[in-house]
Amino acid sequence: MTALLRFKQSIAKQLSKQTECSAHELLTFMRATKSRKDGHISISLPKLNTSLATPVAAEQLDACRQDTNWECQFVPDEYIQQASQKGSSLYFKFDEANFVKHVLQQVYQDKEAYGWSHIAKAKDKTVLIDYSSPNIAKPFHAGHLRSTIIGSFTKRIHEALGYHVIGINYLGDWGKQYGLLAVGFEKYGDQAKLRSDPIHHLYQVYVKINAEAKLDNEIDKQANDYFKKMEQGDPDALKQWKQFRDLSIQSYAAIYKRLNVHFDVYSGESQVNPYIAQAHALLSSSRLLERTEDGALAVDLEKYNLGTAVVQRADGTSLYITRDLASILMRREKYPFQKAIYVVGSEQAGYFKQLFQISNLMTHTNQDLQHVGFGRIKGMSTRKGTAVFLQDILDTAKDKIVQYMKQSEEKSQLSDMDTVADQLAMSAILIQDMKSKRSKDYEFSWDRMTDARGDTGVFLQYAHARACGIERKSGITIDPHCDFSILKEKEAVQLAQSIAQFPDIVESAFATLEPCTIVNYLFKLSHATSAASATLRVKGTDPDVAKARMLLFWSARATLRNGLHLLGIKPIEHM
Ligand code: ARG
């Protein structure tokens, strides 16, 4: 149980005996107050009254508000010092020293697991997360960047809660365009360039040959023939394609590493071929296939208000959806899962509804398949030109940070400035992406994202490094047994209150898979930390005071670190 819940429950226990509300209901009515003057928790009286079995008339309600003298009915205990009524709300005051003690001792006990240790571990549950999933030879666009970031968060929060998580990068690595790419490579390819920078080089080749194919039918035919050879398993055709794929994966991996993102499996559209026939057989035996006028095969989903979905072209070839259906069959066999999550832009929402519906119909199951969507990033560009490559974005962010660090008054004395600048830049990109609700579009802004004073990733990293600095300078060893009544200043109690909210924040972020819940909480926590560190000195104060304050700051930092961990950000200790 969390510290906060323990205190709330002691209120609920007494109140449930005096109202018609259950303790559980009462817990949902409780709000944290803005100022602790009246108390720490409030409950609106009309809430209590309207939840009575027979609703009371308005005038009775008023009378009831005035009559109620909750203060004398409430017996103070070790958790709650006082209950009172003001206007139409009840206020409850915590025994602050006891509250601070419970919060800080819990952080101390849980350490790296503070925030989720109270949630029952999901034992033996496998979750697949399909994220990032770029298309080889095409630019890694903003949508892939968001999928990478939000997918990594989704993976981490599931891992924290004890799920067995398999992160899958489902590459766009199959289809006619690879025939075209191969034809293009014969004409314009350069092995040395391919090796040194496969992503850019393949893109250049692809753009050239694509333009040419539009003018020259012969190229198109060659591409088709080449792809046919690939589909038939021609070793030479496949060897070339595999080299493109392997080198691309290698350079993606370097970028993912900078972003602190990991995949358990690099799969992709090319890997599902053996399961396409199986998907076809299941669709057919479930009587889902209908021949369209032009000879394609489709599944009618009108009954579900989802239109129709073509699953085989007239020439017998498969489509994006066919491959995804096959990949579900493959995943069911290879990694039996309880839940599968696809982190892909909201523009594919309709597509995923169709995919999930067909998959359930064809397997006669009701699998837990979820699409986690997100809005667009607008205005993302680099100085280098029109097509946006992820690496350029990351490098530009880093340049900005280096500039900033050079201008900064507290000139950094760091020997590893380069590493720190890169980490700061990644934090800036990640936080900008996760600070609003997923479904929202946002405007990409270099300046807003790297501002150390605004609500940015740079700000959070500074807050963390500063907290580490307090610890280093104090030379105090963290000790969970201290005199908690020392921590009575407004700033101290508010910081403890903020720390105490973290477990609820994690629960809510998990339920909605909204990383912004955590990001916005971390901003508040960091502001509370800096308010406290501005007034509460550690170094050079009375040893008992220093010890208690140090535990408070240490707990705040541990909470910040745990939050950053869920977001996929490595906290910086020195800046
Ligand atoms: N490669 C696709 C794209 O760029 C995203 C793939 C998402 N995952 C999936 N299983 N469909 O749009």
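**Cavities, pocket and ligand**

Guide: Let's start inside: H14 gives the largest share of the lining of the largest cavity, 3 residues. Helices (H or I, at least four residues) and strands (E, at least two) are DSSP runs, numbered from the N terminus. By the way, this is a predicted model, where local features need pLDDT of at least 70, side-chain atom pairs count only at pLDDT 80 or more, and totals for chains, interfaces and linings use all residues. Residues are numbered from 1 along each chain as its sequence is written, and side-chain values use heavy atoms, with hydrogens and water left out.

Visitor: What volume does the largest cavity have?
Guide: On a 1 Å grid over the protein atoms alone, a cavity is a set of points where a 1.4 Å probe fits but cannot get out, and lining residues have an atom within 4 Å of a point. Grid points are joined across faces, edges and corners, and a volume is the space filled by probe spheres set on the points. For the largest cavity that comes to about 50 Å³.

Visitor: Which helix gives the most to the lining of the second largest cavity?
Guide: Two helices, H10 (198-215) and H12 (235-258), each supply at least two residues there. The lining includes Pro198, Ile199 and Leu202. The top giver, with 3 residues, is H10.

Visitor: Where does the largest pocket lie?
Guide: A pocket is an open set of points with protein on both sides within 12 Å along at least five of seven lines. This one has 27 lining residues, with Lys524 among those nearest its centre. Domain bounds come from an automatic or database domain assignment. Both domains named here give residues to the lining, so the pocket lies between domain 1 (3-94) and domain 3 (391-567).

Visitor: What distance separates an oxygen atom of the ligand from an N or O atom in the side chain of histidine 144?
Guide: His144 is one of the residues around the ligand, where near means a heavy atom within 4 Å. A polar contact is a pair of N or O atoms within 3.5 Å; within protein, one must be able to donate a hydrogen and the other to accept it, and residues adjacent in sequence count only if both atoms are side-chain atoms. For histidine 144 the distance is 2.8 Å.

Visitor: And which backbone lies 2.9 Å from a nitrogen atom of the ligand?
Guide: The side chain of tyrosine 320 has an N or O atom 2.8 Å from a ligand nitrogen. At 2.9 Å, the backbone N or O atom belongs to serine 133.
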